[in-house]
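Trainee: Could you help me learn to read this structure? I would like to know where to be careful and how to follow a strand.

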Amino acid sequence: MRVGGAMRTTVAAAACAALLMSLTACGGSDSGGGHQSQAKPSDRPRQAQARTVDLKRIPDVGDRLRKQIPANSRQVVAVYGEGKNSAESKIVLYTKSGSTWDQTRSWQGHNGKKGWTTDHREGDNRSPVGVFTLSDAGGVLPDPGAGLPYTRSAGFQAPRYWSKSHWHDFDYVIAIDYNRVKGTSPNDPTRPQGQSKGGSIWLHMDHGSGTSACVSLSKSGMEYLLRTLDPAKHPVVVMGDKANLKA
C-alpha cells in the first residue's frame with residue numbers, strides 16, 4: 001500500500017498474511033517456536049566511536065562495487081561480512097565531505113545465518129551482495145526523528161510464536177532497496193523481480209545471531225542511523241563478505 005508523506009498509515013487488515021510473509025523473509029526464528037540461545041556477552045553488538053577521516057575511498061571495497069555507488073551519494077553504510085559462510089559482520093557508516101570520506105560510526109552485527117550470495121533466492125538464508133539504496137524506514141516504535149520517511153505500524157510486530165529473542169527485531173527497520181518498490185513502507189510485500197528472488201531485506205535490530213537475509217545491529221546503532229541518514233545525501237548500503245567486497 002503506497003501512502004504519501006513522512007508518516008504512512010497502518011497497512012490494511014487484508015494484507016496481514018502478506019506482511020507476515022515479509023517478516024518471516026526478513027529474519028524470524030527458523031521454525032517459529034524453536035529455542036534460540038541467548039547472546040553471550042562477547043556476542044553483544046559493540047559500538048565504536050573512533051573516527052577515521054579524509055579517506056580517498058571506502059576501505060576494502062573494490063572497483064566492481066565502488067563503481068556502483070552513485071556519484072551523488074554522500075552517505076554509505078558498509079557491511080563487512082566476516083566470510084562467505086559467516087553470519088558475523090561489521091557495519092560502518094561513512095560520510096563524504098568534499099572529495100574524501102570520514103568513518104563516522106561502526107557497530108558489530110549480523111547478516112544471513114548462512115552467509116552471503118551474489119544470487120539471492122527466497123529462503124536461502126544468505127544476504128545479497130551488492131550496492132543498494134536506502135529510501136524508507138519504519139517499525140513498531142514511534143519515529144525517533146528519522147530523516148528517511150518513517151512508517152510506524154503494528155504490522156512490523158514479530159509474531160509471538162517466534163522465539164522471544166526475536167520479538168524486538170523490527171522495533172526499528174530501514175529497508176534495503178533489493179527487489180522492492182521505493183517510496184513504500186518497508187513491509188510492503190511487492191517484489192518487482194518476482195517472489196523467487198526474495199525480498200523484505202532490512203537493516204534491523206540485532207538478536208545476537210544470524211538472520212534470514214537481513215543485516216542487524218544494536219538498538220542504539222539503528223537509532224543513530226535513523227536520525228542520521230538523509231535523503232538529500234542519497235544514502236546507500238554496500239554489503240557483502242570480505243572477498244566479494246574487495247573484488
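Trainee: How many contacts beyond four places in sequence does the model have for residues 30-50?

Mentor: Please keep in mind that this is a predicted model. Where pLDDT is low, the predicted coordinates should not be read in detail. Here, residues 30-50 have 31 such contacts in the model, with pLDDT staying under 50. Residues 1-17 also stay under 50 in pLDDT, and the model has 31 contacts beyond four places in sequence for that stretch.

Trainee: What is the mean pLDDT of the chain?

Mentor: The chain has a mean pLDDT of 86, and 79% of its residues reach 70 or more.

Trainee: Now to a strand. Are the residues of E3 buried or exposed?

Mentor: A residue counts as buried under 20% relative accessible area. In strand E3 (residues 75-81), seven of the seven residues are buried, so the rest of the structure largely encloses this strand. Look at both faces: Gln75, Val77, Val79 and Gly81 point one way, Val76, Ala78 and Tyr80 point the other way, and all are buried.

Trainee: Which strands pair with E3?

Mentor: For each partner, check the direction and the bridges. Strand E4 (residues 88-97) pairs with E3 in the antiparallel sense over seven bridges, and the two form a hairpin with six residues between them. Strand E13 (residues 236-241) runs parallel to E3, joined to it by six bridges.

Trainee: Which residues stand opposite Gly81?

Mentor: In E4, Ser89 stands opposite Gly81. In E13, Asp241 stands opposite Gly81.

Notes:
Residues numbered from 1 in each chain as written. Predicted model: local features only at pLDDT ≥ 70, side-chain atom pairs only at ≥ 80, totals over all residues. Heavy atoms only, no water. Buried < 20%, exposed > 50% of the residue type's maximum accessible area, 1.4 Å probe, protein only. Helix = DSSP H or I, 4+ residues; strand = E, 2+ residues; numbered from the N terminus. Pairing = 2+ DSSP bridges. pLDDT = per-residue confidence, 0-100. Contact = heavy atoms within 4.5 Å.
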